Amino acid sequence: MSSEIMDAYWQAPPIARTLATAIFVTSISVHFGLLPFSWFYFTEDRLFRFPPEIWRLATNFFVSAPQFGIIMDPFFIYQNLSQLELANPKFNRKEDVLWYLITVGGFIILVNRWLLGGAFFLGGLTTAICYTAMQDQRGHKSNFYFFTVPAQLVPYCMILSSLLMNPGAIPLQITGIVAAHLHDFLYRTWPEFGGGRNLLKAPAFVSHLVTTPRVFQREYGTAIRAPGPAAAGRTTGASTGSVLPDSWRTRGSGHRLG
């Protein structure tokens, strides 16, 4: 049973899986007192001391809301980020998704530190990812808790639910929608309809991070597998859900006998 759970875990979309896990583990550790909040919050003065605490640019997105948020925040991140990795036409490569998280996260930090303050910004990132995932599903229906709503309204339903459960989170969620909308304009709307160039194209170092060969430890030695086309971009329909083992799929097309 445990091996099946681990197999399902490792087969999940890697970026969504990693971020949701980081949020869940960090949130449990912080809210139950195993780790201090002071290790994770964002503030500018920590970036300009020596040594600079640059990890805070990422870790402020790893702490969820308390109680129910420990479960639901990682769930929403995984659910919507998986759609960006697997089925969103806006992102053709894994590095595009990773660069999206970096740029949108940067927008959220800048807007909040400039206008609202705050030190933890996961609520904005969650709403931003939901907004981006749902924009290409217009005309479809989606579930939000126990309700079925038009897909493009889901991020606004998240804000409405905060009005009932945590009104103080609404300004942060709105900055997430603003950040996602700005990304969509610079990444897609301006190049396609304004005649400009894509201002948020993933740089080469992000591609290198995503396409680094994987190292596997085996009982009979170590294997290094360089990423193929499916790892560098999208997994095609021909390779998804195949019943053949990996070793068979590397043998070529074969020949008919007789």
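The structure is a predicted model, in which local features need pLDDT of at least 70 and side-chain atom pairs count only at pLDDT 80 or more, whereas totals for chains, interfaces and linings use all residues. Residues are numbered from 1 along each chain as its sequence is written, and side-chain values use heavy atoms, with hydrogens and water left out.

Helix α4 (69-87) has 19 residues and reaches 26 Å from its first C-alpha to its last, close to the 27 Å expected at 1.5 Å a residue; the expected span is 1.5 Å times one less than the number of residues, and helices (H or I, at least four residues) and strands (E, at least two) are DSSP runs numbered from the N terminus. Among the buried residues of α4 are Met 72, Asp 73, Phe 76, Ile 77, Asn 80, Leu 84 and Glu 85, where buried means under 20% relative accessible area with a 1.4 Å probe and protein chains only. The buried residues of this helix pack against α2 (14-31), α5, α6 (122-135), β1 and α7 (154-165).

Grid points are joined across faces, edges and corners, and a volume is the space filled by probe spheres set on the points. The count comes to 1 cavity of 30 Å³ or more. The largest cavity, with about 30 Å³ of space, is lined by Phe 76, Gln 79, Asn 80, Met 134, Ser 142, Asn 143, Phe 144 and Val 154, and α4 and β1 (141-144) are the elements that give two or more residues to this lining.

The second largest pocket holds about 650 Å³ of space, and of its 29 lining residues the closest to its centre are Ala 65, Asp 73, Ser 162, Asn 166 and Ala 169. At least two residues of this lining come from each of α4, α6, α7 and α8 (170-193).

Asn 112, found in helix α5 (residues 94-116), is buried, with a relative accessible area of 2%. A polar atom of the Asn 112 side chain lies 2.8 Å from the backbone oxygen of Ile 108. Leaving aside neighbours within four places in sequence, Asn 112 is in contact (heavy atoms within 4.5 Å) with Gly 117, Phe 121, Leu 172 and Thr 175.

Definitions and conventions: 1 Å grid on protein atoms, 1.4 Å probe; cavity = no way out; pocket = protein on both sides within 12 Å on 5 of 7 lines; lining within 4 Å. Buried < 20%, exposed > 50% of the residue type's maximum accessible area, 1.4 Å probe, protein only. Polar contact = N/O pair within 3.5 Å; in protein donor to acceptor, adjacent residues only side chain to side chain.
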